[in-house]
Amino acid sequence: MFGMNVMAWNGGDLEKLEVLQNRVGRLALGALKWMAAEALRGDLGWSLFSEKMVKAVLNYKGKLTARKRLMLLCDKDSFHEYDMFAEHTCKDFGMEDHKHPGDSVVTGWGLINGRLTYLFSQDFTVIGGSLSSIHSKKICDSCPSLVQVMDEALLAGAPVAGLNDSGGARIQEGVESLAGYADIFQRNVMSSGVVPQISVIMGPCAGGAVYSPALTDFTFMVQDSS
């Protein structure tokens, strides 16, 4: 939510940061004001400011980033990330100016108590963790340039675990984003009864970010944040 809103802010909207005071506290608000001032001076782009702002909020609330969650979940030094520098391909609605390496999901494989597991962790700091076509292709789909964790899990006969923290489909990409969720739902059905599917709801998820977990075998929710 915060990432989506800040992208539309301009230099005259610094006052709007005041509305966050009751949500994130005085300390975090001071940090956000400093970053906004840096962005206005040109030291930080608004897209980067958006990501840094949300990370500041997460840190204040005691929440971990997508990559840190995977590092803690997996055995030490066992997580291997796929497609770290993949970026979305949307050029509509000014999205060409809002690209982030890895887009809005971290994917890969690791060991959990010594067992091979394929994982993805949605990154709420990037456009609210919303699902783009590239985001979906990192999770599944037959894209030759990207590795798909759900397909790899099926081939290896290994569990797949998803840490969901997303607002759902990325509206700027329209039907391409919806088609990405269709591919994920299909993999959920194909994997049912073949490999264990585990979902963790880490934040205020919506849309496909809750429809897909409903199709998996086990769903866990984090108290007070999901």
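**Close-up views of the predicted model**

**View 1. Arginine 170 is buried, with a relative accessible area of 1%.** Buried denotes under 20% relative accessible area, exposed over 50%, and partly exposed in between (1.4 Å probe, protein chains only). The model is predicted: local features need pLDDT of at least 70, side-chain atom pairs count only at pLDDT 80 or more, and totals for chains, interfaces and linings use all residues. Residues are numbered from 1 along each chain as its sequence is written, and side-chain values use heavy atoms, with hydrogens and water left out. Arginine 170 belongs to the loop between β4 and α7; helices (H or I, at least four residues) and strands (E, at least two) are DSSP runs numbered from the N terminus. Its side chain makes a polar contact with that of serine 104, at 3.1 Å. Such a contact is a pair of N or O atoms within 3.5 Å; within protein, one must be able to donate a hydrogen and the other to accept it, and residues adjacent in sequence count only if both atoms are side-chain atoms. With neighbours within four places in sequence set aside, the residues in contact with arginine 170 (heavy atoms within 4.5 Å) include His88, Met95, Asp103, Ile127 and Ser177.

**View 2. Six strands form an open sheet in the order β1-β2-β3-β4-β5-β6, with mixed pairing.** The edges are β1 (80–82) and β6 (218–221), each with a single partner strand, so one side of each has no neighbour in the sheet. Neighbouring strands are turned by 20 degrees against each other on average, direction ignored. Axes are lines fitted to C-alpha atoms, for helices over the stretch in contact, and angles run from 0 to 180 degrees between N-to-C directions.

**View 3. Strands β2 and β3 run antiparallel and are joined by eight bridges.** Two strands count as paired if DSSP finds at least two bridges between them. Glycine 108 stands opposite leucine 119 of β3. The hairpin of β2 and β3 has two residues between the strands, and asparagine 113 takes a positive phi near 55 degrees there. On β1, which pairs with β2 (105–112) in the antiparallel sense over three bridges, tyrosine 82 has threonine 107 as its bridge partner.

**View 4. Helix α4 (residues 66–73) has the buried residues Ala66, Arg69 and Leu70.** Seen down the helix axis, these residues fall within an arc of 95 degrees (taken from the directions from the axis to the C-beta atoms), so they line one face of α4. They pack against β2, β3 and β4, whereas the face turned away carries the exposed residues Lys68 and Leu72.

**View 5. The largest nonpolar core has 17 residues, and those with the most contacts inside it include Tyr118, Phe120 and Met150.** A nonpolar core is a set of buried Ala, Val, Leu, Ile, Met, Phe, Trp, Tyr and Cys residues joined through side-chain atoms within 4.5 Å. Elements β3, α6 and α7 (175–191) each supply at least two residues of this core, and α6 gives the most, with three. A second, separate core of 10 residues includes Ala66, Leu70, Ala161 and Met202.
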